[in-house]
Amino acid sequence: MMSHKIFKFLFICFASTLAIQDEAQLPEDFVYVKDVIPDLDVELRYFSANNFVGDTIDAYKADKLILTKPAAEALKKVQSDLQDQNLCLLVYDAYRPQQAVNHFMRWAKDLNDTINKPEFYPEIKKRNLFNKGYIASRSGHSRGSTVDLTLMDRNTDEVLDMGSPFDFFGKASWTAHPNLTAQQKNNRNLLLTAMQKHNFRNYPKEWWHFSLRWEPFPNTYFDFPIE
């Protein structure tokens, strides 16, 4: 019969092995962002049906935000700065597997599926989403250092008015879109300034989209699932 001490030793070894396997599921230099920024607010849109496709996206198997370690550490500095202004970040997406990008491509080719057109692309015909640059075969998100996000009021948990919703396909989402209220322009500038200070560059056609300068994997598109 196995002694209690031997059983306990084997159990500890087994538990340690599981822990190592759990930590090893991410490629080197990738982290779960909440481990770096515990107070970060996350609403992973592609893990839900609240997105332009209207369904959970392939390879989004958990509500966990993943970034490269340098991107997560830079984002932590942004969050810290914003808290001094009674603001905080709300993140919609970060690392995105290539499988998810492929899902977007399949959806875009199905011209009969327009269930969320009124909310996300009311002024653009679905067949034009490719040539307008809204859907592509590669995404900077798959390199692991790109993030989609907005600002929240820390006191009320209300999202600041940016003049268009996240993932809205249209000119209203262009960062420097002129037809905004003074408050909307100020809110976008607050986000832009905070991100640029810590070496994130904005994609001019999406006010929410930022990529880390000097990202560690500029030419690598990853495909491991989010889990």
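What share of the contacts in the protein chain with a separation of 6 or more comes from residues 24 or more positions apart? In this predicted model, such residues account for 74% of those contacts. The protein chain holds 227 residues, and 46% of them are buried.

The protein chain contains six helices and seven strands. Along the sequence these elements follow the pattern α-β-α-β-β-α-β-α-α-β-α-β-β. Five of the strands form an open sheet with mixed pairing. Their order across the sheet is β2-β4-β5-β7-β6. Strands β2 (41–42) and β6 (200–202) stand at the edges. Each has a single partner strand, so one side of each lacks a neighbour in the sheet.

Strands β2 and β4 run parallel and are joined by two bridges. In this pair, aspartate 41 has leucine 90 of β4 as its bridge partner. Strands β4 and β5 pair in the antiparallel sense, over six bridges. Here aspartate 93 is bridged to aspartate 148 in β5. Strand β5 (residues 146–153) also pairs with strand β7 (residues 209–212). This pairing is antiparallel and spans three bridges. Aspartate 148 has histidine 209 as its bridge partner in β7. Helix α3 (residues 69–83) packs on the sheet and touches β4 (87–93), β5, β6 and β7. The direction of α3 makes about 145° with that of β4. Helix α6 (residues 182–197) also packs on the sheet, where it touches β4, β5, β6 and β7. The direction of α6 makes about 130° with that of β5.

How many residues of β4 are buried? Seven of its seven residues are, and the strand is mostly covered. In β5, seven of the eight residues are buried, so this strand is largely enclosed by the rest of the structure. In a regular strand, side chains alternate between the two faces of the sheet.

Glutamine 79 counts as buried because its relative accessibility is 2%, under the 20% cut-off. Its side chain reaches the backbone nitrogen of leucine 89 at 2.9 Å. Beyond its neighbours within four places in sequence, glutamine 79 is in contact with Ile37, Asp39, Leu40, Cys88 and Leu89.

Helix α4 (residues 98–109) has twelve residues. From first C-alpha to last, α4 reaches 17 Å, close to the 16 Å expected at 1.5 Å a residue. Which residues of α4 are buried? They are Gln98, Ala100, Val101, His103, Phe104, Met105, Trp107 and Ala108. An α-helix has 3.6 residues a turn, so residues three or four places apart point the same way.

Asparagine 116 is found in the loop between α4 and α5 (117–120). Not counting residues up to four places away in sequence, asparagine 116 touches Ala49, Asn51, Phe52, Val53, Gly54 and Tyr121.

Phenylalanine 30 lies in strand β1 (residues 30–32). The residue is buried, with a relative accessible area of 6%. Which residues does phenylalanine 30 contact, leaving aside its neighbours within four places in sequence? They are Ile66, Leu67, Thr68, Lys69, Tyr95, Arg143, Gly144, Phe217, Phe222 and Phe224. Phenylalanine 30 and serine 145 are 115 residues apart in sequence. In space, their C-alpha atoms are 9.4 Å apart.

How values were computed. Residues numbered from 1 in each chain as written. Predicted model: local features only at pLDDT ≥ 70, side-chain atom pairs only at ≥ 80, totals over all residues. Heavy atoms only, no water. Helix = DSSP H or I, 4+ residues; strand = E, 2+ residues; numbered from the N terminus. Buried < 20%, exposed > 50% of the residue type's maximum accessible area, 1.4 Å probe, protein only. Contact = heavy atoms within 4.5 Å. Pairing = 2+ DSSP bridges. Axes fitted to C-alpha atoms, helices over the stretch in contact; angles between N-to-C directions. Expected span 1.5 Å × (residues − 1). Polar contact = N/O pair within 3.5 Å; in protein donor to acceptor, adjacent residues only side chain to side chain.
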